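Hi everyone, thanks for making time this morning. I'd like to walk you through one model, so please have the viewer open.

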Protein chains: 4
Amino acid sequence: MNRKIRMGMVGGGRGAFIGAVHRMAANLDGQIELVCGAFSSDPQRSKDSGADFFLPPDRCYPDWKTMIEAEAKLPEGERMDFVAIVTPNHVHFPPAKYALEHGFHVLSDKPATFNLTEAKALQEIVKKSGQLYGLTHNYTGYPLVKEARDLIAAGKLGKIRKVVVEYPQGWLSNRIEEGGQKQAAWRTDPKKSGAAGCIGDIGTHAENLAEYITGLKIKELAADITAFVKGRKLDDDGNVLLRFKGGAKGILHASQISAGEENNLNIRVYGELGGIEWRQMEPNTLIVKWLDKPTEIYRTGLGYLGANAAAAARIPAGHPEGYLEAFANIYRNFAGHIRAKLNGRKVAKGDPVLDYPTIADGVRGMAFIDAVVQSSKANAAWTPLEG
Amino acid sequence: MNRKIRMGMVGGGRGAFIGAVHRMAANLDGQIELVCGAFSSDPQRSKDSGADFFLPPDRCYPDWKTMIEAEAKLPEGERMDFVAIVTPNHVHFPPAKYALEHGFHVLSDKPATFNLTEAKALQEIVKKSGQLYGLTHNYTGYPLVKEARDLIAAGKLGKIRKVVVEYPQGWLSNRIEEGGQKQAAWRTDPKKSGAAGCIGDIGTHAENLAEYITGLKIKELAADITAFVKGRKLDDDGNVLLRFKGGAKGILHASQISAGEENNLNIRVYGELGGIEWRQMEPNTLIVKWLDKPTEIYRTGLGYLGANAAAAARIPAGHPEGYLEAFANIYRNFAGHIRAKLNGRKVAKGDPVLDYPTIADGVRGMAFIDAVVQSSKANAAWTPLEG
Amino acid sequence: MNRKIRMGMVGGGRGAFIGAVHRMAANLDGQIELVCGAFSSDPQRSKDSGADFFLPPDRCYPDWKTMIEAEAKLPEGERMDFVAIVTPNHVHFPPAKYALEHGFHVLSDKPATFNLTEAKALQEIVKKSGQLYGLTHNYTGYPLVKEARDLIAAGKLGKIRKVVVEYPQGWLSNRIEEGGQKQAAWRTDPKKSGAAGCIGDIGTHAENLAEYITGLKIKELAADITAFVKGRKLDDDGNVLLRFKGGAKGILHASQISAGEENNLNIRVYGELGGIEWRQMEPNTLIVKWLDKPTEIYRTGLGYLGANAAAAARIPAGHPEGYLEAFANIYRNFAGHIRAKLNGRKVAKGDPVLDYPTIADGVRGMAFIDAVVQSSKANAAWTPLEG
Amino acid sequence: MNRKIRMGMVGGGRGAFIGAVHRMAANLDGQIELVCGAFSSDPQRSKDSGADFFLPPDRCYPDWKTMIEAEAKLPEGERMDFVAIVTPNHVHFPPAKYALEHGFHVLSDKPATFNLTEAKALQEIVKKSGQLYGLTHNYTGYPLVKEARDLIAAGKLGKIRKVVVEYPQGWLSNRIEEGGQKQAAWRTDPKKSGAAGCIGDIGTHAENLAEYITGLKIKELAADITAFVKGRKLDDDGNVLLRFKGGAKGILHASQISAGEENNLNIRVYGELGGIEWRQMEPNTLIVKWLDKPTEIYRTGLGYLGANAAAAARIPAGHPEGYLEAFANIYRNFAGHIRAKLNGRKVAKGDPVLDYPTIADGVRGMAFIDAVVQSSKANAAWTPLEG
């Protein structure tokens with residue numbers, strides 16, 4: 001089989017944000033082609049959007065149900081291979097379930113579902129279906145995030161003691177959801193976003209990053225979340241104490257009212273021998289600190305990096321790689337996994353194509369949201385993170 | 001009166017660390033002269049140390065009690081004006097009390113006392129004595145810390161919502177207190193350090209900085225402190241959720257096992273309109289963030305700064321001022337206050353010489369330590385900060 | 001016309017570097033599709049490379065001449081629209097000329113040609129052909145480079161006095177061209193690279209960036225170039241004094257033996273009222289300095305930026321955009337211009353699709369190389385930059 | 001002998017800038033005491049200034065001649081040991097000469113003299129007098145500047161190839177010398193400043209730093225200096241190509257019209273194996289770059305630094321040391337050298353007290369000014385740097 005992997009898209013029509021990101025990420029490496037979509041719940045907008053992407057009108061579907069059914073009927077040489085889901089949170093589970101059950105792989109935006117119950121159900125469905133399921137916790141796609149994970153896994157920092165992970169943003173400092181800002185509107189609406197606002201939207205990225213890099217699982221947490229903006233129904237800020245299995249402790253805070261912050265996800269991890277620091281806004285630098293020798297600056301694209309970081313970079317050092325490239329790494333690996341399946345190639349543990357987040361990460365994220373909301377309601381009582 | 005202000009010192013002999021810092025801070029501006037000391041509990045070492053500072057042997061006393069008594073008997077034109085106390089924590093209260101009661105002003109290293117009870121007692125003694133009492137929460141001596149405080153007091157950031165204050169160090173990552181490291185030894189010894197280790201040593205600086213800059217008081221906190229290094233009796237790391245009076249929330253964490261960190265005190269404060277960020281290791285930069293215009297970089301020594309920041313700087317912009325200069329600002333203001341008293345000059349509220357930490361800060365710090373230890377024992381239960 | 005713009009590629013087969021960059025840049029926005037190529041001077045490698053990109057074998061040509069001739073014969077609905085040239089310098093002019101003369105647009109890697117004579121000839125050919133010609137001086141594709149240019153053009157910095165532009169790299173610190181490093185081999189070979197090494201490869205980017213941002217033309221220069229690595233025939237380092245028309249002065253230095261430097265292109269420009277600083281390795285930050293107010297940090301994606309910077313960004317602030325995105329901006333604008341032509345849309349001055357480097361930049365770059373080499377041979381005598 | 005070293009000061013009265021810096025630097029370590037001064041050419045101002053420093057009126061002299069003569073007549077146990085000269089450039093040589101000839105050591109602000117002839121004469125006088133002469137090229141007092149020098153001297157970077165040294169400031173962007181700004185007034189006045197403005201004031205610091213760190217001597221230079229501000233008689237900006245003895249090349253530029261720059265002295269040096277980068281505005285960080293391993297961050301105060309860097313630091317890592325501390329290192333070493341002489345202690349080559357700039361640096365600096373001015377007049381002709 002020598003052809004591009006075929007993608008159908010749910011959501012992401014004109015005016016959407018994350019859909020365009022997914023398309024660029026899918027385009028970048030020339031491995032994937034967009035062949036169809038249900039880009040909007042408004043059929044005409046779906047058609048118009050598809051035309052923007054040069055799709056034939058008959059593959060711009062009025063809704064995802066129709067799309068999945070219609071594509072399933074197309075001959076194998078033509079129909080989509082996987083569905084990319086880029087809708088608001090409440091429309092993650094239904095099309096994912098439907099697509100899996102109709103024999104399509106699924107790559108979904110995060111969080112995986114609307115709540116933990118759905119996430120656990122989806123985990124079962126994935127398992128049963130035999131299809132692939134990927135989740136765009138895109139920040140783990142950065143080369144130096146992989147390097148940090150590998151350094152820690154190799155024991156270079158010694159036993160991990162402390163984790164500080166932060167995700168401050170400032171864009172919801174005012175009640176812009178009232179002014180027609182579409183991105184703000186659904187994220188602050190409990191019916192579309194779920195039980196949490198900020199914690200669901202970005203706190204889950206912080207949680208996922210911390211667990212990915214350290215290889216540790218959060219055992220329990222004590223959370224204090226707040227809706228600072230008057231009239232807002234969901235949290236726009238949260239502070240969380242963490243305890244990891246194995247004894248490490250930590251802090252996680254996420255915020256959308258940290259005025260003047262852009263998208264400042266960052267993490268510091270300290271072990272008995274050293275520490276690492278990584279900041280998403282300067283993603284090509286990993287600071288590695290040592291007890292008794294100079295701090296080192298690891299940089300994307302240089303020869304001393306490990307195999308996983310090397311594989312995740314596309315261009316020589318000093319040519320900055322950004323958010324879209326990291327996002328594209330998820331797509332590239334996911335597509336690589338599909339290609340392996342199509343070609344009947346067995347992928348063993350450790351195969352690079354497996355390095356993308358799965359439904360297990362999705363369940364973990366929903367359990368995190370659940371625990372934070374529950375803990376905060378109980379005045380920051382320690383609450384186990386199950387899942 | 002036109003002469004230097006005369007300082008006697010308790011502690012700070014050969015091999016000590018913070019004593020040398022106090023002396024350099026006192027020297028810098030040529031306003032203070034060291035005239036006597038009880039530099040060590042070992043009389044010979046006290047004498048030898050005094051010789052290093054070119055003091056006559058008869059003013060190098062064998063202990064602080066002798067010093068205070070002897071100096072009190074000297075004629076006014078000769079005897080010391082104030083006592084600088086630079087001993088371990090358990091020897092803060094006794095000489096302070098004795099000096100105040102013998103008519104001397106006191107400038108003490110922090111924390112003010114060994115425990116909260118002593119601190120409250122000292123507050124009474126200070127009041128009764130009519131003498132001045134200063135506390136070297138030196139980080140508030142930096143020009144841009146003053147600027148941050150003034151910006152917030154002027155309402156430039158709007159109502160404050162969130163505070164993140166951190167103080168990571170890594171130097172106690174191993175059990176160096178067993179190897180004869182004097183600084184480590186007393187700081188990890190409950191008999192000399194008090195109820196807390198890291199939280200008392202540096203957590204109090206973080207607390208003081210947060211309250212100084214924001215002008216807000218911590219109402220209650222939930223703390224999780226840990227002794228990560230095996231066999232250590234006091235905490236070497238602590239994570240704390242904060243709630244301020246008036247509704248702001250925050251996070252404070254301090255650590256001495258954050259491997260590879262030097263002395264990374266830093267703070268971020270976010271209000272409804274903007275935020276500030278200041279890092280002690282690059283103290284001449286204050287980052288001011290706004291909701292809808294470019295982030296600004298305020299720099300020590302430039303013309304647009306307020307009067308207090310201007311007064312706290314000594315040299316033109318771009319000529320970095322550091323830790324000793326900030327420390328010296330405490331000494332300069334304190335000496336200025338003594339001089340005003342000596343000259344019978346009345347100092348009104350807002351007079352620059354009043355800008356140094358006092359026993360009120362000391363009580364606050366001890367209350368913080370108390371609350372953190374208590375909360376942590378109660379599994380991070382919310383605990384009010386009284387004092 | 002609603003279809004993707006069709007690209008044929010010359011060079012860029014397996015093992016090449018810049019070809020892959022061009023393909024990713026072309027892919028990113030889903031506006032361009034690769035339809036054919038002469039990817040290598042080795043016909044089999046050309047075919048194999050084309051298969052990597054899922055091209056049919058009959059459109060993987062054995063050489064560029066064959067490709068241009070064959071494509072010219074295809075029906076309009078099928079044949080390529082433009083040729084991307086990604087070969088070493090000595091193979092820039094011939095295929096560009098041939099393609100233009102056969103009715104194809106050309107997008108070429110820089111420098112435009114092998115020498116100034118060719119560049120001037122090409123300028124004539126472009127003019128005569130009526131086809132479009134773009135040049136991938138990709139660094140001008142960054143959003144904040146456009147913002148810097150616009151700030152200066154609007155007079156915000158006042159009259160420009162001084163320009164400092166640098167391009168240090170370290171990868172040629174050793175004679176790696178002897179060890180089979182393909183990228184190093186042709187760049188250090190006068191027969192493939194031209195009269196200059198480092199100055200041609202990266203010095204031209206620095207020159208182009210300086211003239212783009214300031215809107216000023218270099219009048220004359222005094223250059224001292226050196227081949228530090230023993231046995232190397234072309235310069236690997238160059239220091240240049242600049243004088244601009246209108247009175248500004250400056251410095252340009254480029255180096256490939258600045259050990260430990262990655263790809264550190266950067267520029268500072270100072271006017272009577274303020275200055276700007278931009279660094280390619282952190283491209284989403286533009287530092288704007290003022291005489292009498294705080295330095296400002298402009299960031300990609302924020303609302304206060306001008307229209308051109310806004311148009312050149314794809315995602316919200318804090319989601320870092322990198323080298324490929326800037327490169328893709330050249331492709332996007334070039335493709336936009338082709339589309340306008342195909343659709344018969346007139347593009348007026350100032351139209352965003354015109355914001356890509358053209359043959360005029362190419363001539364300028366070759367004149368710069370010429371002047372530098374000439375000046376250096378004359379012991380850094382002032383030499384006019386003509387073109 | 002166990003007493004403080006006694007300093008007399010020429011210049012530095014009320015309203016002066018650099019005099020206060022010298023006094024703070026002299027005060028810091030408690031090794032030096034100010035005993036007398038001729039602080040101003042106005043006798044009353046001299047007296048008033050002395051009172052600010054708590055000096056007795058009879059040692060506040062009306063002029064430096066009187067001071068030197070009067071102090072020479074005082075008994076050895078009382079009179080000053082050395083003269084600190086902190087006047088504008090045209091009043092450096094005369095008091096230095098007079099003091100040396102009257103048996104006093106001299107510590108002078110830079111540049112050493114008004115012109116090269118004076119500098120060479122002074123070199124002879126110093127030699128003949130047997131007195132010590134120090135020059136406050138204070139930037140070489142920073143710990144990490146010493147570390148950089150020692151790394152290079154030890155061959156860690158391999159043979160040096162390239163040096164980039166910069167000193168941009170912006171404070172003379174406007175003609176503030178017309179508005180009564182005293183510092184600007186004499187610096188832009190050829191009668192007080194000498195043949196050069198910016199190049200003499202700060203260019204010499206850059207030259208000194210480059211030669212100190214690399215251990216190389218500038219062989220010849222090609223300079224293009226400019227007075228950008230209308231009506232200004234001396235250069236306010238200069239760009240210089242450098243060739244060092246032994247084959248290294250470089251660039252030096254200094255500016256006082258780089259709007260928005262504070263005091264941004266910085267240097268980068270590249271050898272065959274690695275490079276270093278140091279910036280005065282963040283002086284506690286030295287970036288060490290390598291060909292094939294991660295960049296390292298050396299920090300003041302950490303245990304891995306060499307003996308000289310360690311000796312030049314006063315406080316633990318992470319407690320920033322600044323401009324005054326570096327300045328004080330010159331004073332401390334100079335005073336240490338005087339003390340050694342007073343105590344009859346022989347100081348061998350490599351003794352830390354010898355680590356301060358001497359008249360040799362002074363001659364070098366004046367030769368640099370001379371060469372730059374001469375080269376620029378000859379349209380940037382290569383001009384040897386003699387001295």
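I'll start with the ground rules, then take the sheets, the interfaces and a few backbone details.

This is a predicted model, so local features are given at pLDDT of at least 70 and side-chain atom pairs at pLDDT 80 or more, while totals for chains, interfaces and linings use all residues. Residues are numbered from 1 along each chain as its sequence is written, chains are lettered from A and ligands numbered from 1 in the order in which they are written, and side-chain values use heavy atoms, with hydrogens and water left out.

Let's begin with chain B. It has an open sheet of five strands, ordered β2-β1-β3-β4-β5, with parallel pairing. A word on terms: helices (H or I, at least four residues) and strands (E, at least two) are DSSP runs numbered from the N terminus, and two strands count as paired if DSSP finds at least two bridges between them.

Which strands sit at the edges in chain B? They are β2 (32-38) and β5 (133-135), each pairing on one side only. From one strand to the next, the twist averages 25 degrees; axes here are lines fitted to C-alpha atoms, for helices over the stretch in contact, and angles run from 0 to 180 degrees between N-to-C directions. Looking at one pairing, β1 (residues 5-10) of chain B is joined to β2(B) by six bridges, and the two run parallel. Opposite Arg6(B) you'll find Glu33(B) in β2(B).

α11 (residues 323-342) of chain B lies across β1, β2, β3 (82-85), β4 (105-108) and β5 of chain B, and runs at about 175 degrees to β4(B).

Over to chain D, where an open sheet of five strands has the order β2-β1-β3-β4-β5, again with parallel pairing. β2 (32-38) and β5 (133-135) of chain D each have a single partner strand, so one side of each is left without a neighbour in the sheet. The twist averages 25 degrees from strand to strand. Four bridges connect β1 (residues 5-10) of chain D with β3 (residues 82-85) of chain D, running parallel; Met9(D) has Ala84(D) as its bridge partner in β3(D).

Next, the interfaces. In general, the size of an interface is often given as the accessible area lost when the parts come together. That is the convention here: buried area is the accessible area (1.4 Å probe) that two parts lose on being put together, summed over both.

Between chain D and chain B, 36 residues of chain D are in contact with 36 residues of chain B, where contact means heavy atoms within 4.5 Å. The two bury about 2900 Å², 63% of it on carbon and sulfur atoms. On the chain D side, Phe54(D), Glu262(D) and Pro320(D) lose the most area, together 23% of what that side buries. The rule finds two salt bridges across this interface, a salt bridge being a side-chain nitrogen of Lys or Arg within 4 Å of a carboxyl oxygen of Asp or Glu. Glu262(B) and Arg299(D) form a salt bridge, with the closest N and O atoms 3.0 Å apart. Of the elements on the chain D side, α11(D) gives the most, with four residues.

How much do chain C and chain D bury between them? About 3400 Å², 50% of it on carbon and sulfur atoms. Arg161(C), Lys162(C) and Leu241(C) supply 18% of the area that chain C buries there, more than any other three residues. This pair of chains has 10 salt bridges. In one, Lys162(C) meets Asp237(D) at 2.9 Å between the closest N and O atoms. Arg243(C) and Asp224(D) also form a salt bridge, 3.0 Å from N to O, reaching from strand β8 of chain C to strand β7 (residues 218-226) of chain D.

Finally, some backbone details to click on. The peptide bond from Lys110(B) to Pro111(B) is cis, with omega near -10 degrees, and Pro111(B) is in the loop between β4 and α5 (116-129) of chain B. In chain D, a cis peptide bond joins Lys110(D) and Pro111(D), with omega about -5 degrees. Last stop: Ala380(B), a residue other than glycine, has a positive phi, near 70 degrees, in the loop between α12 (359-377) and β14 (383-384) of chain B.
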